[in-house]
Amino acid sequence: MAIFKEKTEELVTKFQTHAKDTGSPEVQVALITERITYLTEHFKTHAKDHHSRRGLMQLVSKRRGLLAYLKKTNLDRYRKLTASLGLRK
C-alpha cells in the first residue's frame, strides 16, 4: 500500500529545504523511512510475504545510499535528519 497523500505532503513540508523542494535527500529519506516502517508492520502479520521483503531490502539499501551521500556532502544536514527521524547510524 502506498503512503497516503496527506502523509506524503506532511513529510515533504517538514523536511523540504525550500518552497518547491520535493527531491532533496532529506525529503527522499523521510519518504523512504515512512515506507520502511509501514512494511515492517506489514511483516508482523504477513511473515511469508517474501516478494515484499525484497522490496523492503531495496528501500533500506536506497536509504543507506542517500544517507551516505548526505553525510559525505553536508554533515550538519545529515545529523539533523538522523536525529529528527530517529535513525541509528
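Which way does H2 pass H3, in a left-handed or a right-handed crossing? The views below get to that after a quick look at the whole chain. This is a predicted model, where local features need pLDDT of at least 70, side-chain atom pairs count only at pLDDT 80 or more, and totals for chains, interfaces and linings use all residues. Residues are numbered from 1 along each chain as its sequence is written, and side-chain values use heavy atoms, with hydrogens and water left out.

**View 1. The whole chain is an α-α-α-α run, read from the N terminus.** You'll find four helices and zero strands here (DSSP runs numbered from the N terminus: H or I of at least four residues for helices, E of at least two for strands). The C-alpha atoms fill a box of roughly 40 × 30 × 20 Å along the principal axes. Of the 89 residues, 29% are buried (under 20% relative accessible area with a 1.4 Å probe, protein chains only; exposed is over 50%, partly exposed in between).

**View 2. H2 and H3 pack with their axes 9 Å apart, at an angle of about 150 degrees.** Axes are lines fitted to C-alpha atoms, for helices over the stretch in contact, and angles run from 0 to 180 degrees between N-to-C directions. That angle makes H2 roughly antiparallel to H3 (over 145 degrees). The crossing is left-handed, meaning the near helix is turned anticlockwise from the far one by less than a right angle. Residues in contact (heavy atoms within 4.5 Å) include Ile 32, Ile 36 and Phe 43 of H2 and Leu 56, Leu 59 and Tyr 69 of H3. By class, the H2 contact with H3 has 13 nonpolar, three polar and five charged residues (Ala, Val, Leu, Ile, Met, Phe, Trp, Tyr, Cys and Pro count as nonpolar, Asp, Glu, Lys and Arg as charged, the others, Gly among them, as polar).

**View 3. H1 passes H2 in a right-handed crossing.** Here the angle is about 145 degrees, and the axes lie 9 Å apart. Lys 7, Thr 8, Leu 11, Val 12 and Phe 15 of H1 meet Glu 26, Val 27, Ala 30, Leu 31 and Glu 34 of H2. That contact splits into six nonpolar, one polar and three charged residues.

**View 4. The largest nonpolar core has 18 residues.** Such a core is a set of buried Ala, Val, Leu, Ile, Met, Phe, Trp, Tyr and Cys residues joined through side-chain atoms within 4.5 Å. Phe 15, Val 29, Leu 67 and Leu 81 have the most contacts inside this core. Helices H1 (5-15), H2 (25-45), H3 (50-73) and H4 (75-85) each give two or more residues, and H2 gives the most, with seven.

How values were computed. Angles under 35 degrees count as roughly parallel, over 145 as roughly antiparallel, 65 to 115 as roughly perpendicular and the rest as oblique.
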